[in-house]
Amino acid sequence: MAVAFLATVLASVVVVPPVVAEPPQPAKGRGDKCVMPTDWMRRNHMKGLIHHRREAVHEGIRTPTFDLNGCIDCHQVKGDDGKPVKISSPKHFCRTCHDYAGVRLDCFECHASRPEQKTETTTGQLERSPHHHTGLPGHGGEGDVAALNRYLEGAGK
Amino acid sequence: MSMKFEFPETCSEGAACGCAESDARPVAVAPAPTDVEHATVNVDPVEVGRRWFLKASAAFTTTILAPGVTLMAFGEADSAHAKPADQPVSAKQRWGLLIDAGKCEQGCKACVTACNEENGIATPKNLATDAQWIRTLQVKNPENGSTFQMPFMCQHCSEPPCVDVCPTGASFRRADGIVLVDRHICIGCRYCMMACPYKARSFVHEPLHDQKPEVPRGKGCVESCTMCVHRVDEGGTPACVEACAKTGNAAMIFGDLHDPNSEIAKRIATYRTTRVRADLGTDPGVFYQNI
Ligand code: SF4
Ligand code: SF4
């Protein structure tokens, strides 16, 4: 009897499928390819971002490759209202993986989590400067990657 | 960087007069603004020697030294300053502002509105605590009641007390003179707010939403005027300067103080300019005329 009971328990343990979340399916970006190969980005995007952040804030180096605004622009995900979702939505590109991996993300407490929404404003006559960043990758990428590699070597990584 | 607070010494009028060479650092005529918008800045005559006095005495004459001269619209001489995006900023430049209070129209707030719009700052409801990167000051001479308005923001000091006191390195002066807070590093201790003699900094007390992509801002950090660094790095002009030019008042110009051919450097070399509380030795990058 006891053996039979144990067998039942074991059987039930075996037959209940383990609860494993589906691997995340982050939305594809716009354009042909990312600024770096996908495998590299999966592992190293944070290094690119943190390197760029130092250079951009302290030295005014504003190359587009690892510009967070570029990521946000290319990887925007439209919500039900047709507008790109904010980080508050689980559909947000960054959240799809970060939720899955359980890695807390605080970039968007300060940074915009979606491209700027064009609104009618009373002071809308202010023009952007002609070189205003478009957010699209593909310019100066080689230099960025070389600089990042130098940084990673310097950091012993 | 060490603290350097020097007060002007009384000029001895002799050959050894130290102030004869010090035109680049004129005496202060106005104490630092003491309160938020619409603050009244009391201007006390500074106890100074003759040469110092000559500089200070221009404070309340309304004579515009060169009435025929109009401050040029923004950027013409300097609009080609964009550096290649992959190059760091350098100390060859020092960005600065020249503001002619004589042209600042009483009641106009175009610069303030433009700054708020550009940087995603909500119109302050509580003037004591809400972020203000630029404000208009009403300056009053208590002796004769004369008043004028002038825009006021971070003075982008080259000896910035905010940087001196910052315990984390978050407050820093870029090589080209723009003083910024690296919000990634700032711990929100607000020492810099206490140290700034110009009350130029604000603390963000509450969570923010829908920030501008070019201007990340957030709760728990101190911030101040960035001289629209995101525009400057692309060859642009600060939003306040652009907006002021659009009103037709053209009271502000922006440019490179180190380039002798820039409009701003030429004007500073030609006309009498004042820096607010220059006696503190902060070496501000913002120059005023007719204050
Ligand atoms: S005005 Fe204040 S905040 Fe700006 S650089 Fe000077 S000390 Fe720092
Ligand atoms: S509030 Fe931030 S920037 Fe200011 S002194 Fe403290 S750490 Fe530095």
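Is B:Phe254 buried or exposed?

## A buried residue in a predicted model

In this structure, which is a predicted model, B:Phe254 has a relative accessibility of 3% and therefore counts as buried. B:Trp95, whose relative accessibility is 4%, counts as buried as well.

## Aromatic pairs

Over all chains, the count of aromatic pairs comes to four. One of them joins B:Trp95 and B:Phe254, whose ring centres lie 5.2 Å apart with their planes at 20°, so that this pair is stacked. The two residues bring together distant parts of the chain, since B:Trp95 belongs to strand β2 (residues 95–100) of chain B, B:Phe254 belongs to strand β9 (residues 252–256) of chain B, and 159 residues separate them.

Another pair is formed by B:Phe152 and B:Tyr198, and because their planes stand at 50°, with the ring centres 6.0 Å apart, this pair is tilted. Here too distant parts of the chain are linked, with B:Phe152 in strand β4 (residues 147–153) of chain B and B:Tyr198, 46 residues apart from it, in the loop between α4 (191–195) and β7 (202–203) of chain B.

## An aromatic cluster

Both B:Phe152 and B:Tyr198 are buried, and together with B:Tyr288 they make up one aromatic cluster.

## A charge over a ring

A contact of another kind involves B:Arg190, whose charged end sits over the ring of B:Phe203 at 3.8 Å from the centre of that ring.

Conventions: Residues are numbered from 1 along each chain as its sequence is written. Chains are lettered from A and ligands numbered from 1 in the order in which they are written. This is a predicted model: local features need pLDDT of at least 70, side-chain atom pairs count only at pLDDT 80 or more; totals for chains, interfaces and linings use all residues. Side-chain values use heavy atoms; hydrogens and water are left out. Rings of Phe, Tyr and Trp (its six-membered ring) pair if their centres lie within 6.5 Å; planes under 30 degrees apart count as stacked, over 60 as edge-to-face and the rest as tilted. Helices (H or I, at least four residues) and strands (E, at least two) are DSSP runs, numbered from the N terminus. Buried means under 20% relative accessible area, exposed over 50%, partly exposed in between (1.4 Å probe, protein chains only). A charge sits over a ring if NZ of Lys or CZ of Arg is within 6 Å of the ring centre and within 35 degrees of the ring normal.
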